[in-house]
Amino acid sequence: MPFSYRRIRFLPIKEFLFLWLVKKNTKNQTCLEAGEEAQFAIFGDQMKGFATKGEPDVHHINKWLVDNCFGDYYTRSSLDYAERELLTFCYLYSQGGCEPQLKGHIAANLYLGNDKTLLIAVISACIPYIGYPRTLNALSCINEVANAQQ
C-alpha cells in the first residue's frame, strides 16, 4: 500500500489534505525557478545553475533535486527555511551514511541562523532514538563545518 494511503488512515482526511495539497505554493511549470530561488536563499549564490552542473549524465538528477525537493517541498509555506533545514538536518542525521549531505545542510543551518548550540541540542535530544554512533558522527560533522566557518 502506498505511503500516502497508509498516512490517510492515521490522519483525519482534512489534515492530510491541508498538509499535502493545500500548502503547495508553486505550479509544476514554476517549480524549477522556485527551487533555484530557494537554494540561493538557503545555500547562497554558489548554487546558481546547479541543475546543469556536473557531468551531463547526472544533470537529470540535479534538475530533479532543484525542481522537486527545493521547488516543491521547500517552497511550501508551512515551515520557514530555518525550520525546514533543521528538520532536514534531523532526517539526514538519523539516516546515517549521508555525511556529505549532512555537512551541506549543517552549513545551511548555520547560514540561516540555527547555531552550533542548537544543532548540538537537537542531536542530544535524539540520542535515545538514533543512538550514539550516528550522534557522534553528526557531532563530528557539526564541529568540522562550524570550525571551517570561523
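Predicted model: local features only at pLDDT ≥ 70, side-chain atom pairs only at ≥ 80, totals over all residues.
**Exercise 1.** Classify the ring pair F43 and F70, and place its two residues in the chain.

*Solution.* 
- Start with the count: the search of the whole structure gives two aromatic pairs.
- F43 and F70 make up one of them, with ring centres 5.9 Å apart and planes at 75°.
- Planes over 60 degrees apart count as edge-to-face, so this pair is edge-to-face.
- Now place the residues. F43 belongs to helix α3 (residues 31-43) and F70 to helix α4 (residues 59-73).
- They are 27 residues apart, and the pair links distant parts of the chain.
- Both F43 and F70 are buried.

**Exercise 2.** Classify the ring pair F89 and Y93, then decide for each residue: buried or exposed?

*Solution.* 
- The centres are 6.1 Å apart, with 20° between the planes.
- Planes under 30 degrees apart count as stacked, so F89 and Y93 are a stacked pair.
- Both residues sit in helix α5 (residues 81-95); because they are four residues apart there, about one helical turn separates them.
- F89 has 0% relative accessibility, so it counts as buried.
- Y93 has a relative accessible area of 1% and is buried too.

**Exercise 3.** Find where E85 lies, which side chain of opposite charge is nearest, and what E85 contacts.

*Solution.* 
- E85 is part of helix α5.
- E85 is buried, yet without a salt bridge.
- The nearest side chain of opposite charge is R84, 7.9 Å away. The salt-bridge cut-off is 4 Å.
- Setting aside neighbours within four places in sequence, E85 contacts I42, F43, Y74, H105, A108, N109 and L112.
- One of these, F43, is also a member of the edge-to-face pair.

Note on methods:
Residues numbered from 1 in each chain as written. Heavy atoms only, no water. Phe/Tyr/Trp six-rings, centres within 6.5 Å; stacked < 30°, edge-to-face > 60°. Buried < 20%, exposed > 50% of the residue type's maximum accessible area, 1.4 Å probe, protein only. Lys, Arg positive; Asp, Glu negative; His and termini not counted. Contact = heavy atoms within 4.5 Å.
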